[in-house]
Amino acid sequence: MNISVVGTGYVGLVTGVSLSEIGHRVTCIDIDEAKVKKMKNGISPIYEPGLSELMTKNIKESRLFFTTDHTTGFTNADVAYIAVGTPEKEDGSADLKFVKQVAKDIATHVAKDTVVVTKSTVPVGTNDKIKEVIQTNLVNNVRIDFVSNPEFLKEGSAIEDSFNGDRIVVGSDSDYAAKLIEEVNKGFGVPVYKTDIRSAEMIKYASNAFLATKISFINEVANICDRVNANVEDVAIGMGMDKRIGNKFLNAGIGYGGSCFPKDTKALIQIAGNVEYDFELLKGVVKVNQKQQALLLDKLNERFDSLEGKRIAVLGLAFKPNTDDMREAASIVVTNNLIEQGAEVVGYDPIATDNAKTLLSDKMVYADSVEDAVEGSDATLIITEWDEVKHVDLDVFKSMKYPLVIDGRNCFSLDEMKEVGVEYHSVGRPSDVKKKDYVLQQG
């Protein structure tokens with residue numbers, strides 16, 4: 001089929017490339033001319049493993065195209081995907097201005113019967129608004145059907161998820177449109193669940209909110225484990241063996257970040273508020289996560305009476321491994337606070353440094369390797385569990401002024417860190433060094 005995808009951010013680009021890979025002729029539309037020029041040459045504007053390779057392949061095989069021209073992009077479209085951003089407003093609700101603009105563009109330019117698919121994460125009822133905008137502004141006498149088709153991709157494994165997902169949700173009030181989009185996605189070999197359009201919109205928010213809840217729950221358990229000398233990893237394994245609970249998203253750490261969980265949890269709270277329902281549980285999830293991002297600072301401030309003049313290495317800046325996404329990253333909270341306390345902060349990330357420089361303090365120093373960041377430091381904080389960090393030679397920590405590691409992602413085993421002589425503090429796991437035994441480093 002001829003498919004148009006509007007928006008070449010994370011969702012739109014992955015969607016367009018994946019659809020071209022299963023045989024569709026896909027045109028991706030974006031208003032950024034410089035960005036489109038790069039994508040035409042197979043250069044991805046985002047870091048996502050495997051994405052650039054699939055872009056290059058499908059461009060060469062004449063299935064994937066990029067344009068800034070809406071007439072070119074929409075004229076022959078059987079299906080038009082809306083995949084633009086829905087940024088968070090100050091009150092936590094989703095800003096739909098980009099979605100509404102795309103709806104107007106579709107209404108102006110489509111020249112044949114088209115199914116409009118909303119891929120962007122939007123509040124319940126948004127597809128009704130899209131329908132109203134398109135029908136009000138429709139130029140040509142064509143039939144338009146509407147589908148909600150939320151994405152469930154994980155940054156860092158989005159290509160893998162596209163072809164090995166758990167389900168594809170298709171919500172529509174038109175049997176014809178639902179069957180057509182089911183056919184469009186047939187090549188992925190992923191089960192399709194069809195429902196009404198509003199339920200599909202809700203599934204996206206409910207799914208992300210539930211996963212965020214699991215993360216905040218295990219982090220609260222970890223904080224209790226810290227106080228009762230239990231090991232949260234053992235607790236999580238024991239919990240996860242219960243099939244009703246499962247072992248996914250039970251890794252204790254310093255909370256969630258990125259473009260989805262923070263925005264979607266707040267948006268669902270706002271959606272509930274709009275119908276006069278107080279979503280108390282989810283408010284607690286958000287509050288716990290905000291507190292958890294500062295956990296390493298708490299542990300560090302317990303360890304030192306002052307951070308003035310201390311050199312602190314920060315390993316990992318992106319909100320998670322295998323992405324350059326800095327949105328809602330814990331590193332923002334941590335590094336800004338350290339600098340406010342007078343510390344010299346040396347950060348290292350294998351991918352996200354360029355993005356970090358646009359968001360973090362201009363007082364940040366950036367290292368070219370784990371080794372460079374750690375050497376001569378008074379303490380090392382681990383923010384992101386990159387493989388490069390998890391598999392580093394532990395002797396590297398001996399190059400510090402004093403081998404003190406505070407790990408926000410539980411990257412190392414307690415035994416191996418003890419064996420190499422590192423003072424090691426993690427999340428929800430026992431530490432050999434008790435508060436009463438601390439010897440504050442004034443050096």
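1. Aromatic pairs. Searching the whole structure gives five aromatic pairs. One of them joins Tyr256 and Phe261, edge-to-face, at 5.8 Å centre to centre with 80° between the planes. Rings of Phe, Tyr and Trp (its six-membered ring) pair if their centres lie within 6.5 Å; planes under 30 degrees apart are stacked, over 60 edge-to-face, the rest tilted.

2. Basis. The model is predicted, and local features need pLDDT of at least 70, side-chain atom pairs pLDDT 80 or more, while totals for chains, interfaces and linings use all residues. Residues are numbered from 1 along each chain as its sequence is written, and side-chain values use heavy atoms, without hydrogens and water.

3. Aromatic cluster. Phe249, Tyr256 and Phe261 are linked into a cluster by ring pairs. Tyr256 and Phe261 are both buried (buried is under 20% relative accessible area, exposed over 50%, partly exposed in between; 1.4 Å probe, protein chains only).

4. Negative patch. Asp368, Glu371, Asp372, Glu375, Glu388 and Asp393 gather on the surface as a patch of negative charge. Patch residues have over 30% relative accessible area and no salt bridge; like charges are joined within 9 Å, nonpolar side chains (Val, Leu, Ile, Met, Phe, Trp, Tyr) within 5 Å. A salt bridge puts a side-chain nitrogen of Lys or Arg within 4 Å of a carboxyl oxygen of Asp or Glu. Glu388 sits in helix H17 (residues 387–390). Glu388 is partly exposed, at 36% relative accessible area.

5. Positive patch. Lys89, Lys100, Lys104 and Lys129 form a positive surface patch. Lys129 belongs to helix H6 (residues 126–137); helices are DSSP runs (H or I) of at least four residues, numbered from the N terminus. Lys129 is partly exposed, at 43% relative accessibility.

How values were computed:
Areas by Shrake-Rupley, 256 points an atom, 1.4 Å probe, with all protein chains shown as cover. Lys, Arg positive; Asp, Glu negative; His and termini not counted. Charge placed at Lys NZ, Arg CZ, Asp CG, Glu CD. Helix = DSSP H or I, 4+ residues; strand = E, 2+ residues; numbered from the N terminus.
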